[in-house]
Amino acid sequence: MSTDTKEHDARLERAFANQARKRWRRIKDLLARNAIGFGGVAVILAIVLIFFYLLLIVFPLFQPAKLESGRTFTAPAGTPLLLAMEEQREVGMLATAGGEVEFFRIRDGSPIARIAVELPATPTGFGAGEDRTGIFGYGLANGQAIVVRHRYQVTFPNDKRLISPVLEYPLGEEPVEVDPQSDALRLLTLQVAEDTAAIAAITDDGRLVLANLEKQESLLGGGGWNLSSRELLPPQGDIAFLLMDKDQRELYAVTRDGHINYYDISNPADPKRVETVRALPEGSEISALHFLTGGISLLVGGTDGSIAQWFPVRDDNNEYSLKRVRGFDPLPGAVQAFAPEYNRKGFLAADDQGNLGIYHSTAGRTVLVRKVANSGISQLGVAPRADAYLALSADGLRFQRIHNEHPEISWSSLWGKVWYESHAEPEYLWQSSSADNDFEPKFSLTPLTFGTLKAAFFAMLFAVPLAIMGAIYTAYFMAPPMRQVVKPVIEIMEALPTVILGFLAGLWLAPFAEVYLPGVVMLLLALPLGVLVAAWLWRFLPGSLRRHIPDGWQAALLIPVLCLIGWGAIALSQPVELWFFGGDIRKWLTAEMGISYDQRNALVVGLAMGFAVIPTIFSIAEDAIFGVPSHLTQGSLALGATPWQTLARVVILTASPGIFSAVMIGLGRAVGETMIVLMATGNTPVMDFSIFQGMRTLSANIAVEMPESEVASTHYRILFLAGLVLFMATFVFNTLAEVVRQRLRVKYSSL
Amino acid sequence: MSSIGKWFRDGEPLIWLNAAAVSASIIMVVGLLGLIAVRGLAHFWPAPLIQANYSENGSEPVRIVGEITASETVPRQRLIDAGVRLNTDTPLVERHLIKIGNRDAYGFDFRWVIDEGLSQRAEPAELMKVERREWGNLYGYLREVRESGTRVANGAEAWKEFQDRIARASDLFSRIRAIEKDDIGAINYAIEKLRLQQRGLEIDGKDTRQNLAELDQQRKVLDAEYAVLRDQLATLNTQINRDSFTAEIMDGREIEVPLAKVVRAIRPNTMSRSQKLRHYFVKVWEFVADDPREANTEGGIFPAIFGTVMMVIVMSIFVTPFGVVAAVYLREYARQGMLTRIIRIAVNNLAGVPSIVYGVFGLGFFVYFLGGNLDRLFYPEALPAPTFGSPGILWSSLTLALLTLPVVIVATEEGLSRIPKSIREGSLALGATKIETLWRTVLPMASPAMMTGLILAIARAAGEVAPLMLVGVVKLAPSLPLDGNAPFLHLERKFMHLGFHIYDVGFQSPNVEAARPLVYATALLLVLVIVFLNLAAIAIRNRLREKYRALEGS
């Protein structure tokens, strides 16, 4: 009895344990299923993430600009002449005709300080320097001028930021004697640099006078300014605007009816009037004129709302002339004010109907046009970081924040020809960075894309014939024992790191091809011919010898032949160079053919990258040809076709989709390859299809510039865009290839 | 003539042309490997040193001393166009690139000479080559060995004395370096950690007087240790600077060099073959096991090897489980249909996406986004200096893991698909759950396939450079990512990499000519590793195929 119960208990326990184990196993199975499912989906999502992350970074480039809701407050009294703002957007400044400078809080318009400029005589004219410097000045009734600068001191009392405005006299508190004849200065323009300054003015009687100042260091410290002033050739017409660039090299005197008098004052002792051009068609007048930042381009605004950019262009004879470079979408009313951004080539414009427009010059783009006031805007100021503006109208002062991160991007600035400042004509250029703020970045992806395609083209030119012919032979004619050697060799070829190919191309092949250029060219031509001759001769060998080598070993036989041809071509290189090219083929190319020769050129890239692409194309094409069902070939042979006819008419035709996909995948690899082009080209973004010139590709450009680009800047996002372009291009090539291959597989299995 | 026509019609010549394409590919691969091997291996062999009188364009002959590193024949016209003045009229001119060394004395250490201008060429026995820690090699004749500026040996017995004293200086040098790198490095690391601790306390508002005093206490201990080491260093430095030697160089000047700057000195012209062989292996060992010198153009590449291996290991840790899980999911769990087909196409596609795109992604997502947020959360005390928010070995490994993920997935999937259905069905029929079937039978059988995938992934990662340039390699890393300072593994550090080393030394180095042999040697090492890995993968795969063929047959 007791043993019975014990047994029973034990069995029951076992059953329970079994049950528990079963449940545990089922839970484990379920857990594993979920975990693996989760893991698998996560990995696949991670892959998708790459695409979306690239897109996420690129996206802001194409976002339109936005204005935050603004506020309007009453403007300080007085006739306004200049409106400006400091970097933190806390303090605004308004200079008035009476020589009073008003500083106010932008938060509510409440005044901070009202500083009167010390004027020895009545002010009659006014002018401002480059906005970034904060320089402006008053022309006086006695022919003198006084120059001031608004500046902001930042202190942190009690850990809170305090910005206090200051008014300085950079040329000293003594007025500058601009007009020796002491006539009143009606119009004024001025620039102050480190140790030179210049003031130009139109006097009441219509003369144009120029005063140059040079800093004099005295041994006792301090030091004064050395003044020399002269009268310039009088401008044509009734001058309404006078502007001098920040380097004190050019001076523009402009009439209201659209005549621009262009003076070259780069040599202060010998100022010249270069030309007078008409900037506007008959019937409209210039209503606003301003420099773009950097002082090269003039912005011309008309009463008809038109906005145009002009700058001096140098022609072939080294002569400058003023050219209209581009126009922008017009504003509805007459343009009244411009405000160029401090660090970019963008600008703001306002008209007499209260419309505000934001533009970018390089991109030729209208970023935004919005009605912001009910009456005409007379003064416009932009924050130094271009993230806010101040506009003065009859409504009062309006302040509004701007979100405009990437105005320099447009379809034309990325892909089109752009007329950049100081260039003779519109061009495709990539030049992303430079040391100073006035630089106009050149973000044309065209030369890079061109370089990418050029490199890929030459690589494919070399690789496609070799790889496909090799694949045909290996799959169809080659003896199986040799195949077992060849396939791993090709796999090793595929595995060779591109950095090694690139380094050999740059450090060995490039100098080699330069020294033996005739030999390399001869080699490429002599190889096919030499092979044909060798094959022809082979027929005349005694049959006993030929029979020793079974079919399918031609490739092995040809190795010594090819080596011999190669050696011969290189050995003949220098004699040929002596006989035909006068001993220096590079000189001959330049002098006779007009072709310049870079050591690291497309020929070297084509050979090296071709080498990298051959195995990719080879393996896939070989797979496709080898996979052609054997009953097709056997049928063809049985009908009396020769092996070559069978190959050409049956095998290749059947396998052609596979060969196509092989070429596509090869192309994808050639387009994205980085290290080889980085090392085997000079990386200069030129647009020249010559085989003896270098190039810069999208991928190499990323590798060169990415580490230095500032996070979230336009440059950074454009590099991401280049990455995205590469990603999409290869994705298209590969998907196409993959779909074709899958179809082919289905076809083979149905045959 | 008709026989030629028939020959062409039969397609015979085209078959030969096709064959030639294969031959050309094979010649290129073998030739490339041969070129790298020859150039890479020859570098360590002590070349004979020559002395000759050289006159260019009929000028007064000058003495030239050095080793010939390259010779070539060029058309005379080219040299004239390049601005070289010649007084011969042979159409082809032979010229040599001679490494004359002594960069400190001449300003440059290579020189092209025209063969015809050389006369009285000789290989004098006393000519020596001194490898230095600065300014490259010195070539010349030993004159005196000095101790504290006074002569201790000259003439015939100087060489022996010279060698003995070099050995002593080298010994001192390694002791100095051990102190500087290991001991002082550890102290600096600890002091930096204390600084971060203090900053962390300040951020948390726990910078009480007691806590700060504690930190100060620790700092004082470290400072005291540092003072001891500094004294030791000072004595060692005076000891190492005791000796010097003078040598006559090719323009007849006599220059004095402290022995502290000397790595080794040899007289290759008097060395026997076995001595040369020994020297060869010493140099090879130095190459593999030593740190680089002179802006990477001399010395070894140990940090690059270490960095590559470490990066690959970390990458394997990431890529293997994820790749296998994804493959198992795709093959064993997901319902086969349109979706899995699309996924497979996408995975295959990813294998074709340019590696630089992965680099761009890695930099943006891993470094700036993930790293930046990690810093803000866990390392606020170090800010604004980034910890994980700048390129480093962890991000490099992750980027390459993503890059090689398709390789592992494809290989594993292929392995899984080759396992006969009968095996799974048998296991399930015996009552095993799905995971048990997978875990006990399928995965073990597929493990060689995973191995193949992993090996291929490693081979690809070891040779990939472009993405790494964005996410973590540097030309010279001050410290290895693995060292004796807790927590020992520093995944946030930047590292050196063989592939990048080739690029950097070959193309960014100030003295490319001097670095060239080293680049070839580095390339050879990298190629050997990759060829070996690939051959291993091929062998495993072939064995595997045989095995399954047997399985399917039964």
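At 25% relative accessibility, Glu161(B) counts as partly exposed. The model is predicted, so local features need pLDDT of at least 70 and side-chain atom pairs count only at pLDDT 80 or more, while totals for chains, interfaces and linings use all residues. Residues are numbered from 1 along each chain as its sequence is written, chains are lettered from A and ligands numbered from 1 in the order in which they are written, and side-chain values use heavy atoms, leaving out hydrogens and water.

The partner of Glu161(B) is Arg165(B), and their side chains meet in a salt bridge with an N to O distance of 2.7 Å. A salt bridge here is a side-chain nitrogen of Lys or Arg within 4 Å of a carboxyl oxygen of Asp or Glu. Side chains of opposite charge can pair when their charged atoms come close. Arg165(B) and Glu161(B) are four residues apart in helix H5 (residues 158-204) of chain B, so about one helical turn separates them. Helices (H or I, at least four residues) and strands (E, at least two) are DSSP runs, numbered from the N terminus. Arg165(B) has 11% relative accessibility and counts as buried.

Chain B also holds a salt bridge between Lys475(B) and Asp504(B), whose closest N and O atoms are 3.4 Å apart. This pair links distant parts of the chain: Lys475(B) lies in the loop between helix H14 (468-471) and helix H15 (498-508), Asp504(B) lies in helix H15, and 29 residues separate them. Lys475(B) is partly exposed at 44% relative accessibility, whereas Asp504(B) is buried at 6%. Elsewhere, salt bridges that share partners join Lys99(B), Glu131(B), Arg264(B), Lys283(B), Glu286(B), Arg293(B) and Glu298(B) into one network.

Over all chains, the structure holds 60 salt bridges. In chain A, the side chains of Asp387(A) and Arg89(A) meet in one, at 2.6 Å from N to O. Asp387(A) sits in the loop between strand E28 (377-382) and strand E29 (388-393), and Arg89(A) in the loop between strand E3 (80-85) and strand E4 (91-96), 298 residues apart. Asp387(A) is buried at 13% relative accessibility, and Arg89(A) is partly exposed at 21%.

Confidence is given as pLDDT, the predictor's confidence in each residue, from 0 to 100. Chain A has a mean pLDDT of 87, and 98% of its residues reach 70 or more. In chain A, confidence is lowest in helix H7 (residues 543-548), at a mean of 77, and highest in helix H3 (residues 446-477), at 93.

Terms used
Buried < 20%, exposed > 50% of the residue type's maximum accessible area, 1.4 Å probe, protein only.
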